[in-house]
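Subject: Structure handover

Dear colleague,

I am passing on the structure below, followed by notes on what was found in it. Please read the notes with the structure open beside you.

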Amino acid sequence: MSRLIAIVGRPNVGKSTLFNRLTQTRQAIVDDTAGTTRDRQYGKVDWDGQEFSIVDTGGWVVNSDDIFEEEINKQVEIAIDEADVILFVVDASTGLTDLDDKVAAILRRSKKPVIVVANKEDKGDARYNIPEFYSLGLGDPIEVSSANGSGTGELLDEIIKDMPKRDDEEETEENVAKFAIVGRPNAGKSSLINAFIGEERHIVTDIAGTTRDSIYHRYNKFGFDFYLVDTAGIRKKQKVNEDIEYYSVIRSIRAIEASDVCILLIDATRGIEAQDANIFSLIQRNKKGLVVCVNKWDLVEDKSITAQKTFENAIRSRFAPFTDFPIIFTSALTKQRIFKVLETAIDVYNNRRRIIPTSQLNTYMLEQIALTPPPSNKGKFVKIKYVTMLKDAVIPTFVFFCNLPQWVKEPYRRFLENKIREHWDFKGTPIAIFMREK
């Protein structure tokens with residue numbers, strides 16, 4: 001189920017520390033200096049079988065000396081507008097402040113579910129200040145310490161309390177592919193969607209997804225049959241005067257999570273930008289199939305094969321180490337190769353569902369392993385005896401059974417993945433490799 005959780009609050013209350021704790025990463029920079037978080041961070045959280053996305057925001061400030069104050073506040077407003085649940089972080093060690101009251105007023109107007117998180121409860125007499133936060137009118141505060149993790153389990157229980165179980169999520173036909181067209185602003189997403197559906201569109205159903213903003217359009221035209229994952233960003237004007245770069249990433253989270261394969265549009269006239277890399281990382285993090293579509297190719301002066309190859313190499317270099325994905329040069333305006341995009345997306349979808357018979361897998365892979373065995377470690381030799389492919393995994397998943405799985409490092413896992421990709425077609429889809437003790 002796609003759920004977006006936003007962490008908001010005034011500066012220096014521990015929002016980024018909480019983000020790192022919940023995502024079990026160190027993505028967000030943590031510092032005692034107020035205003036450290038300016039670029040937004042996005043992560044995934046898995047708790048008790050439920051998975052959701054979480055976004056860290058900058059501290060809400062007013063009348064400060066920070067030249068980025070307006071932009072930070074604008075992006076906080078976007079996160080509040082887009083989130084399904086808001087974590088309002090306050091500092092229990094300092095108690096209630098005027099700035100907390102101002103943020104609370106904004107949250108009350110948003111009509112969104114809000115969980116008050118009283119952070120730093122482990123500091124001194126902080127717990128004696130917690131009753132002050134009842135005056136915010138946003139419910140019972142949950143006491144946590146982001147630094148040492150106390151209380152975060154109770155917080156996560158509260159977040160997922162009303163989330164439907166995964167078995168109840170799917171409203172679309174399970175065996176029909178779901179494609180999302182994503183990309184930075186003005187890359188041509190709307191033009192490509194319009195080129196796909198056209199005036200004589202043969203869309204038979206529009207199914208509202210379980211996500212607040214995801215819509216599944218059933219597309220059965222020219223022999224294709226799939227769901228086109230749409231978001232409110234395509235269907236209506238934005239409600240707030242926002243930073244469109246930031247807004248596009250939040251919209252992309254919803255579209256990516258609801259899809260099987262993502263068609264990532266890159267503007268040929270602008271090249272690869274940081275926003276393209278951000279959206280690519282979201283696709284990778286969510287383990288979705290990928291087709292890269294270089295749009296507006298009709299506007300490029302040099303359309304030679306050499307120019308295409310140079311552009312393609314630049315994309316793969318920027319997105320490395322995952323480079324086994326198709327790249328198509330298109331023009332939504334002239335409809336150049338747009339059906340090739342759909343054909344390729346279907347191929348990637350089928351690659352995600354490909355199952356390799358165990359006998360074929362062992363015949364080929366054990367031979368490759370014999371030719372290039374895992375490197376020894378401290379005089380110990382890893383012996384891989386058997387390999388199988390899991391049949392019910394979300395992405396192609398291979399399990400290698402060996403005597404010392406802990407000694408198989410990432411470089412050799414990549415070697416195994418590359419050998420699999422060389423022999424079988426898994427273009428466009430991520431692969432998971434696990435080592436297990438036999």
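**Backbone and helix notes**

Directly after helix 3, Lys 111 adopts a positive phi of about 60°. Helices here are DSSP runs of H or I with at least four residues, strands are runs of E with at least two, and both are numbered from the N terminus. The model is a predicted one, in which local features need pLDDT of at least 70 and side-chain atom pairs count only at pLDDT 80 or more, while totals for chains, interfaces and linings use all residues. Residues are numbered from 1 along each chain as its sequence is written, and side-chain values use heavy atoms, with hydrogens and water left out.

Most residues other than glycine have a negative phi, and most peptide bonds are trans. Asn 12, although not a glycine, has a positive phi of about 65°; Asn 12 is partly exposed, at 34% relative accessibility. Lys 120 likewise has a positive phi of about 65°, but is buried, with a relative accessible area of 17%. Finally, the peptide bond from Ala 320 to Pro 321 is cis, with omega near 15°.

Best wishes

Notes: Buried < 20%, exposed > 50% of the residue type's maximum accessible area, 1.4 Å probe, protein only.
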